Amino acid sequence: MGKTAAITGAASGIGQAAARRLLEAGWTVFGLDVAQGRLDAVARDFADHRDRFKPIVCDVADATRVVAAFAEIGLVSPLLNALVCCAGVLRSGLMEAMPVEEFDRVFNVNARGTWLCAREALPLLRRAAVPEDPSRIVLLSSVAALRPKIVSGAYAASKAAVSQLCRVMAAEWAPSGVLVNALAPGTVDTPMVQAMADPSVGKGYRPSGVSPVGRIAQADDVVDVMMFLLSDGARYVTGTTIPVDGGTQAAFIPPGSR
Ligand SMILES: NC(=O)c1ccc[n+]([C@@H]2O[C@H](COP(=O)([O-])OP(=O)(O)OC[C@H]3O[C@@H](n4cnc5c(N)ncnc54)[C@H](O)[C@@H]3O)[C@@H](O)[C@H]2O)c1
């Protein structure tokens, strides 16, 4: 029988690519996103898998809505093999100038929203877990959690929080068969980063640095590592944040040295 996953942020970028890959691999996917129009468009795009892609409009920053969304998932599918938390927002700005509302939104979506979804998915994940095939949670942290940069302080702090939540949830939940890991991408070519090219949105945003590999990532570069974390090969991996950054934060490259 095929497996079942819930993916937050499924209407764009990495979450959309993750949904596509899991559908192609035969999974049933509950796709959660706050953007109803884009979620509908993605559902149309997944027409070949229509019966296995189940869109659910949900703002992960809204605790009541998150509880309701996972209750809805539980009614359709009492077992969940995986949760992938891609929902996230990026706001740039100097620490001395960032509005409180923007700081709060970044934390409410990226850190609190991630925890809320993991907490509500947990009973369904535990029910699906068996010793030879633990259930999986994959969180989206960022290279910013490992090496922050100026003008992205709130975002970096929220992603550091995601990586710490990952470690603690992994230790608390491993005995019940749920593995928790995070991915830390460098700059990925998705609508989140593309939006930053607009100066009215970007407010001084700069990419995370030059990748020694020589290009920025595509969403599938990140999804390939996610697929490993969901595979049998990762059955003994938990509590880690894995950089997927083409070596961006591996070593400082002094300007002008190449
Ligand atoms: N793109 C990058 O360079 C990059 C780098 C490192 C980490 N990340 C992280 O990867 C994840 C996916 O990013 P992406 O690049 O695919 O971005 P994206 O903007 O393309 O997709 C994010 C999705 O999350 C949804 N979303 C936002 N707020 C939400 C909320 N409150 N509730 C539910 N859904 C919400 C958006 O509607 C969107 O569909 C994010 O957590 C992001 O922080 C991205």
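**Sheet, flanking helices and ligand shell**

In the predicted model, Thr 8 stands opposite Cys 85, a residue of strand S4. This pair belongs to the contact between strand S1 and strand S4 (residues 82-85), which pair in the parallel sense over four bridges. In general, the strands of a sheet pair through backbone hydrogen bonds, in either a parallel or an antiparallel manner.

The pairing of S1 with S4 forms part of an open sheet of seven strands, arranged in the order S3-S2-S1-S4-S5-S6-S7, in which the pairing is parallel. At the edges of this sheet lie strand S3 (53-57) and strand S7 (241-244), each of which pairs on one side only. From one strand to the next, the twist of the sheet averages 20°.

Helix H1 packs on the sheet, where it touches S1, strand S2 (28-33), S3, S4 and strand S5 (135-140), and the direction of H1 makes about 165° with that of S1. Helix H3 (residues 63-76) likewise packs on the sheet, touching S1, S2 and S3, with a direction that makes about 155° with that of S3. In helix H9 (residues 219-229), the buried residues are Ala 219, Asp 221, Val 222, Val 223, Met 226 and Leu 229. These buried residues of H9 pack against helix H1 and against the strands S4, S5, S6 (178-185) and S7.

The segment before strand S1 (4-8) contains Lys 3. With 19 other C-beta atoms within 10 Å, Lys 3 is classed as partly exposed, because a residue counts as buried if 20 or more such atoms lie within that distance and as exposed if 12 or fewer do. When residues up to four places away in sequence are not counted, Lys 3 touches Trp 27 and Asn 81. Lys 3 and Ala 82, although 79 residues apart in sequence, are 8.3 Å apart in space, as taken from C-alpha to C-alpha.

The ligand is surrounded by 31 residues, of which the closest are Gly 9, Gly 13, Gly 88, Thr 190 and Met 192. The elements that give two or more residues to this shell are helix H1 (13-24), helix H4 (100-128) and helix H7 (191-194). When the residues of the shell are sorted by class, 18 are nonpolar, 10 are polar and three are charged.

Technical notes. Residues numbered from 1 in each chain as written. Predicted model: local features only at pLDDT ≥ 70, side-chain atom pairs only at ≥ 80, totals over all residues. Contact = placed C-beta atoms within 7 Å. Near = placed C-beta within 6 Å. Nonpolar A, V, L, I, M, F, W, Y, C, P; charged D, E, K, R; others polar. Pairing = 2+ DSSP bridges. Axes fitted to C-alpha atoms, helices over the stretch in contact; angles between N-to-C directions.
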